[in-house]
Amino acid sequence: MIKLGVNIDHVATLRQARRTWEPDPVWAAVEAHLGGADGITVHLREDRRHIQDADVERLRESTQIKLNLEMAATEEMLGIACRLRPEMAMLVPEGRQEITTEGGLDIIGREGWLKEVVARLNEAGILSSVFIDPEPAQVAAAARIGARVCEIHTGPYAHAFHAKGRDENAEAVVAELEKIRVASELVQQAGMGFNAGHALTYYNVQPVARLPGLRELHIGHSIVSRAVFTGLREAVREMKRLMREAFGSS
C-alpha cells in the first residue's frame, strides 16, 4: 500500500513569522499521525528559516512513525543526521534565495562527495534517499553513489497540471508524467525504492499515485493549507483517501 509522509515545515514557517512558540511542529506531527500519516518529513535548512534544531530533536524523541530528515549534503547536516538517526535522510539541493526547493539534486556534479555522504548515512543505519529530477542520467548516478531510495521531483508535472486547467489529459501534463514514469522504472530496475513529491495537491495527486511501484508520496504545503480550514487530522485523512483510491485503481 502506498504511504504518505507529511511535511510539516510550513507549521514552523507560521511560528517563525512571530518568533514565538506556536504552532508547535511536534503537535502537528501528532495530529498528522492521528490523521493517518505514515511518516513525518522536515527540512532542516542551513539558514534555519522554519524548522529549528530543537524541533528535530523533539521529533526524534516523540514521533512514533517514520521521521524523514531533508537536508543539504553538508558536513554539519551529516553530523546532525548521524547523531539523531532519523529513519530516513533525503539529500536535497538548497539555495538561500529560493522560496522552496526549485529542482532536483545534481548528483553527477558532486558524485564523489555524495557517495561519501551516502556511505556515512548507511553506516549510521539511516535509509539514504536523494531528491532528483526525472532524468535517466541522475537515476544512474544515484545508483552509483549507493542511494537506497530516489524521490522523483514532481514539480514540473504539478505546474503543467495547473497551467493547463487541471486537465490530466493535456499534452504537457501527460509528457511530464511520462518522464516521471520512465524515471521510476529505471529507479526500480536499479534496485532502489521509488518515492515522489513536490507541489502535489488534492487535485493533481492521483495520476502520480497510480504509477506502478510507488512506495511513498511526501506532501506538505497543500495539506497544511487545507488544515487551516479543516484541521490537520482531516486534511491528512482526505489526502490518504485520494491516494488509496488511486492506488486501488492502478
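**Helix pairs, a cavity and a pocket**

Let's start with α7 and α8, which are roughly antiparallel to each other (that label is for angles over 145 degrees; under 35 is roughly parallel, 65 to 115 roughly perpendicular, and the rest oblique). Before I go on, this is a predicted model, where local features need pLDDT of at least 70, side-chain atom pairs count only at pLDDT 80 or more, and totals for chains, interfaces and linings use all residues. Residues are numbered from 1 along each chain as its sequence is written, and side-chain values use heavy atoms, with hydrogens and water left out.

Back to the pair. Helix α7 is residues 155–163, helix α8 is 171–189, and their axes come within 8 Å and cross at roughly 165°. Helices here are DSSP runs of H or I, at least four residues, and strands are E, at least two, numbered from the N terminus. Axes are lines fitted to C-alpha atoms, for helices over the stretch in contact, with angles from 0 to 180 degrees between N-to-C directions.

Who touches whom? From α7 you get P156, Y157, A160 and F161, and from α8 A172, V173, E176, L177 and I180, where contact means heavy atoms within 4.5 Å.

Next pair: α10 and α11 (232–249) pack at about 130°, axes 7 Å apart, and that makes α10 oblique to α11. Here I223, R226, A227 and T230 of α10 meet α11 residues including L232 and M239.

On a 1 Å grid over the protein atoms alone, a cavity is a set of points where a 1.4 Å probe fits but cannot get out; a pocket is an open set with protein on both sides within 12 Å along at least five of seven lines, and lining residues have an atom within 4 Å of a point. Points are joined across faces, edges and corners, and a volume is the space filled by probe spheres set on them.

The whole structure has 1 cavity of 30 Å³ or more. The largest cavity holds about 50 Å³, and β1, β2, β3 and β8 each give two or more residues to its lining.

The second largest pocket holds about 290 Å³. Of its 13 lining residues, V11, P23, V224, A227 and L232 lie nearest its centre.
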